[in-house]
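Please examine the structure shown below together with its sequence. The numbered points of this note may then be checked against it.

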Amino acid sequence: MLEPERHSQASLARLEADYADPTQVADVALLIWRDIDTALTPIIGKRGFAALFRRCVQVTGLHHPWLGELREAPDRSEMFTAFHAGLCAQTTSAVVAANGDLLRTFREVLSKLIGGPLTERLLRSVSDSPPRTDLPHE
């Protein structure tokens, strides 16, 4: 696991260790993905990010079948809403595990598209930013 993934998963693992409910963990996971979206959208565009995210959800859904429902969301806003709702319906440990698998898959797929060094630099910019406590709205 690369540093950006470790940083993101550490945030979720701390919540899990503090016995946070799935909604609290899902809120943080959503913030992580919105930050990744914000970092990548200027480079790959909104549709590019949505397509990449959906593909990663499809691949990760092989191990977490409940993620399969997320591919059907017609736009980015609904995609994130469905992602959050899907996470909230799981146990805290399932949210942490699925998010970790999704982050790994995302990094692997993105690395194949744009190369490892650029992927690491882009994702590091997300983990280097200060933690957010707000939930952004589309």
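1. Helices are DSSP runs (H or I, at least four residues), numbered from the N terminus.

2. This is a predicted model, in which local features need pLDDT of at least 70, side-chain atom pairs count only at pLDDT 80 or more, and totals for chains, interfaces and linings use all residues. Residues are numbered from 1 along each chain as its sequence is written, and side-chain values use heavy atoms, with hydrogens and water left out.

3. Eight aromatic pairs are counted; rings of Phe, Tyr and Trp (its six-membered ring) pair if their centres lie within 6.5 Å, with planes under 30 degrees apart counted as stacked, over 60 as edge-to-face and the rest as tilted. The ring centres of Trp33 and Phe83 are 6.4 Å apart and the planes stand at 80°, so this pair is edge-to-face. Trp33 in helix 2 and Phe83 in helix 3 are 50 residues apart, and both are buried.

4. The rings of Phe53 and Phe80 have centres 6.0 Å apart and planes at 55°, so this pair is tilted. Phe53 and Phe80 are both buried.

5. One aromatic cluster is formed by Trp33, Phe49, Phe53, Phe80, Phe83 and Phe106.

Terms used
Helix = DSSP H or I, 4+ residues; strand = E, 2+ residues; numbered from the N terminus. Buried < 20%, exposed > 50% of the residue type's maximum accessible area, 1.4 Å probe, protein only.
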